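Hi,

Here's the structure I said I'd pass on. Have a look at it first, and then read on for what turned up.

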Amino acid sequence: MRESQPDVYSLLAVQADLVRLHMELGQAMAKEFGAKESAYINRKIAEANQYVAGRSNPKKKIADVTQESLLAVGEEFDKEIQSAVTYESYRTLLRSLQNALDYSRTVVSFLKQTESLPPAA
């Protein structure tokens, strides 16, 4: 018994869902990019504030103050790294969705061609 092929319209509906997911993921990526950049700016500001506070003590050397300011913003570093990891994960998923869209277009094109062929005897 021969199994039937999915029709082009069913695949186009799946393709439409992929396009919608692609768009929603793009919007989520934009938000995550903002969060990633915000975490970077917040860390740099906290680091600068720590540096200025350390420089108020004239007995401390610049290298010591710099090191202390970096150590004081460890939590901000972690937030920045987590935001970057999430953003990169979204980018990977976006590439996968794009590949799925490309493949679905190929399948739809193939099915349209096979539907136009006369039935085999």
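One cut-off before anything else: a residue counts as buried under 20% relative accessible area, as exposed over 50%, and as partly exposed in between. On that scale Arg55 is partly exposed, because its relative accessible area is 37%. Bear in mind throughout that this is a predicted model.

Arg55 sits in helix H1. If you skip its neighbours within four places in sequence, Arg55 is in contact with Lys60, Ile62 and Val65. Gln67 is twelve residues from Arg55 in sequence, and the two C-alpha atoms are 12 Å apart in space.

Now the helix packing, starting with H1 and H3. As a reminder, a pair of packed helices is described by the angle between the axes and the distance between them. Helix H1 covers residues 8-55 and helix H3 covers residues 74-116; their axes come within 8 Å and cross at roughly 165°. An angle over 145 degrees counts as roughly antiparallel, so H1 is roughly antiparallel to H3. The crossing of H1 past H3 is left-handed. Sorted by class, the H1 contact with H3 has 26 nonpolar residues, ten charged ones and seven polar ones.

Phe33 belongs to helix H1 and Tyr87 to helix H3, so the pair ties together parts that are 54 residues apart in sequence.

Next, H1 against H2. Helix H2 runs over residues 62-72, and it packs with H1 at an angle of about 140°, the axes being 8 Å apart. H1 and H2 are therefore oblique to each other. H1 passes H2 in a right-handed crossing. On the H1 side the contact is made by Glu47, Gln50, Tyr51, Gly54 and Arg55, and on the H2 side by Ile62, Val65, Thr66, Ser69, Leu70 and Ala72. By class, that contact of H1 with H2 has five nonpolar residues, four polar ones and two charged ones.

Glu47 is placed in helix H1, and with a relative accessible area of 16% Glu47 is buried. Not counting residues up to four places away in sequence, Glu47 touches Ser69, Leu70 and Val73.

What about H2 and H3? These two helices pack at an angle of about 55°, with their axes 5 Å apart. H2 and H3 are therefore oblique to each other. Leu70, Leu71 and Ala72 of H2 make the contact with Gly74, Glu76 and Phe77 of H3. The residues of the H2 contact with H3 divide into four nonpolar, one polar and one charged.

Two more residues, in case you want some C-alpha distances to check in your viewer:

- Lys79 is found in helix H3 and counts as partly exposed, at 49% relative accessibility. Lys79 and Asn42 are 37 residues apart along the chain, and their C-alpha atoms are separated by 9.7 Å.
- Asp7 is found in the segment before H1 and counts as partly exposed, at 33% relative accessibility. Asp7 and Gly34 are 27 residues apart along the chain, and their C-alpha atoms are separated by 41 Å.

Cheers

Technical notes:
Residues are numbered from 1 along each chain as its sequence is written. This is a predicted model: local features need pLDDT of at least 70, side-chain atom pairs count only at pLDDT 80 or more; totals for chains, interfaces and linings use all residues. Side-chain values use heavy atoms; hydrogens and water are left out. Axes are lines fitted to C-alpha atoms, for helices over the stretch in contact, and angles run from 0 to 180 degrees between N-to-C directions. Helices (H or I, at least four residues) and strands (E, at least two) are DSSP runs, numbered from the N terminus. Angles under 35 degrees count as roughly parallel, over 145 as roughly antiparallel, 65 to 115 as roughly perpendicular and the rest as oblique. A crossing is left-handed if the near helix is turned anticlockwise from the far one by less than a right angle, and right-handed if clockwise. Ala, Val, Leu, Ile, Met, Phe, Trp, Tyr, Cys and Pro count as nonpolar, Asp, Glu, Lys and Arg as charged, and the others, Gly among them, as polar. Buried means under 20% relative accessible area, exposed over 50%, partly exposed in between (1.4 Å probe, protein chains only). Contact means heavy atoms within 4.5 Å.
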